[in-house]
Amino acid sequence: MPAVALPVLGAEDVLAGLRALRTRQPVKFAAFYSSQLGGIVTDPALMIIPFDDHMVHRGHGIFDTAGLVNGRIYDLEAHLDRFLGSAERSKLKLAGSREEMRDIIIKTAAVSQLRDGAIRYWLSSGPGSLELSPAAGAQPGFFVMIFGGLSYPERWYTDGLRVMTTTYPIKPPLYAITKATNYLPNVLMQMEAKEAGLDNGVFIDENGFVGESSNMNVAFVTRDGVFRHPQFKSVLPGCTSLRLLDLARGLVGRVITAVEVSDIPVSDARAAREMLLLGSSVKVAPIVEWDRQPIADGKPGPVARALLNLLEEDMRTGDRLIDVPY
Ligand SMILES: Cc1ncc(COP(=O)(O)O)c(C=O)c1O
């Protein structure tokens with residue numbers, strides 16, 4: 001066997017290595033703030049976190065993602081509320097006040113020059129050891145990434161998605177409502193669906209109630225026109241879902257008859273008139289097939305379209321927008 005060349009690298013070699021990595025696999029990351037670096041970088045090779053950060057080697061970190069729409073940040077306060085709730089449940093110290101974090105997010109967005117995309121930010125318990133508990137005196141880290149966002153095929157909106165019930169167990173409630181960096185079940189669920197030639201998976205809880213999808217909530221329109229969403233017990237409280245549950249009241253008497261948040265048995269769900277995916281990245285997309293069975297007539301329905309219009313309108317002209325000072 002030929003001997004492996006294992007040089008001991010200096011700082012310049014490391015930088016060259018990081019640059020080469022990005023050349024082999026280019027990314028479109030526009031700006032990154034790191035409290036550990038004390039500023040913003042725009043060169044993706046420099047968007048790095050130390051290996052011994054507790055978020056990296058033990059998954060002890062949280063994150064959230066807000067949308068950047070037409071040069072404005074959408075619904076950031078709702079995302080920050082959830083971020084702070086996740087931090088508290090994860091016993092993470094904040095790296096600054098809410099106001100400071102908001103300010104850093106807005107300023108990083110401005111440096112990025114990106115007008116449409118996503119803002120993902122993380123809180124970690126910091127570096128300092130490879131122990132199970134955070135290192136003594138570890139300084140919490142705050143990181144902000146401005147990037148193009150996740151994109152989905154156009155056919156999801158025109159033809160609808162095909163999903164399957166995942167074989168992976170749903171997260172217990174505490175972990176489901178906390179947006180921690182432990183997304184193994186979510187990743188495996190999506191990979192499993194893709195391997196089966198489908199678009200995504202759906203978690204079902206141990207009581208037989210519908211949960212959520214990989215990085216999106218699911219909701220239904222019942223046969224009698226009720227827009228019905230699972231309770232936020234075993235699923236992440238989606239900012240999109242919460243906003244749409246509010247906005248959808250304006251559709252009552254038109255395409256829906258009522259809005260309801262309740263446990264949804266799988267048998268009720270399978271009899272729905274429409275099945276929907278909701279989330280910051282996907283917005284609203286119709287599901288037309290679940291476990292190889294059509295939802296109603298197997299075509300996208302009017303409520304999916306009406307909710308997408310409501311959400312897009314809110315993202316363009318609503319009262320939850322922050323102007324980015326480019
Ligand atoms: C597991 C999970 N459920 C639901 C959602 C939808 O949440 P939101 O509408 O805030 O994007 C997300 C995305 O953050 C998620 O990761």
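1. Starting with the inside of this predicted model: the largest nonpolar core has 43 residues. Val-210, Phe-220, Phe-227, Trp-290 and Leu-307 have the most contacts inside that core. Several elements each supply at least two of its residues, among them helix H5 (155-158), strand S9 (217-221), helix H8 (239-247) and strand S13 (283-290). Helix H10 gives the largest share, seven residues.

2. Now the ligand. It has 16 residues around it, and the closest are Lys-179, Tyr-183, Glu-212, Thr-240 and Ser-280. For polar pairs, a polar side-chain atom of Tyr-183 sits 2.5 Å from a ligand oxygen. An N or O atom in the side chain of Arg-82 is 2.8 Å from an oxygen of the ligand, and a polar backbone atom of Cys-239 is 2.9 Å from a ligand oxygen. Taken on its own, the ligand has 390 Å² of accessible area, and the protein covers 95% of that.

3. Arg-82 brings us to helix H3, as Arg-82 is one of the buried residues of H3. The geometry checks out: H3 covers residues 76-89, and its 14 residues should span 20 Å at 1.5 Å a residue, so the 20 Å between its end C-alpha atoms agrees. After H3 comes Lys-91, with a positive phi near 55°.

4. Helix H4 can be checked in the same way. H4 (residues 98-112) has 15 residues and reaches 21 Å from first C-alpha to last, close to the 21 Å expected at 1.5 Å a residue. Its buried residues are Arg-98, Met-101, Ile-105, Ile-106, Thr-108, Ala-109, Ala-110 and Ser-112. Gln-113 follows H4 and has a positive phi, near 65°.

5. What about Gly-201? This residue is in strand S8 (residues 200-202). Its relative accessibility is 0%, so Gly-201 counts as buried. Setting aside neighbours within four places in sequence, Gly-201 is in contact with Met-164, Met-189, Ala-193, Glu-212, Ser-213 and Ser-214. Glu-212, in that list, is also one of the residues closest to the ligand. Val-27 is 174 residues from Gly-201 along the chain, and their C-alpha atoms are separated by 27 Å.

6. Is Arg-243 buried or exposed? Arg-243 is in helix H8, and it counts as buried because its relative accessibility is 9%, with the cut-off for buried being under 20%. Outside the four places either side in sequence, the contacts of Arg-243 are Tyr-74, Asp-75, Asp-314, Asp-319 and Arg-320.

7. Last, Tyr-157, which lies in helix H5. A polar atom of its side chain is 2.8 Å from the backbone oxygen of Val-282. Not counting residues up to four places away in sequence, Tyr-157 touches Val-282 along with Tyr-152, Ser-281, Val-284, Ala-285, Pro-286 and Leu-308. Asp-52 is 105 residues away from Tyr-157 in sequence and 42 Å away in space, C-alpha to C-alpha.

Technical notes: Residues numbered from 1 in each chain as written. Predicted model: local features only at pLDDT ≥ 70, side-chain atom pairs only at ≥ 80, totals over all residues. Heavy atoms only, no water. Core = buried A, V, L, I, M, F, W, Y, C linked by side-chain atoms within 4.5 Å. Buried < 20%, exposed > 50% of the residue type's maximum accessible area, 1.4 Å probe, protein only. Helix = DSSP H or I, 4+ residues; strand = E, 2+ residues; numbered from the N terminus. Near = heavy atom within 4 Å. Polar contact = N/O pair within 3.5 Å; in protein donor to acceptor, adjacent residues only side chain to side chain. Areas by Shrake-Rupley, 256 points an atom, 1.4 Å probe, with all protein chains shown as cover. Expected span 1.5 Å × (residues − 1). Contact = heavy atoms within 4.5 Å.
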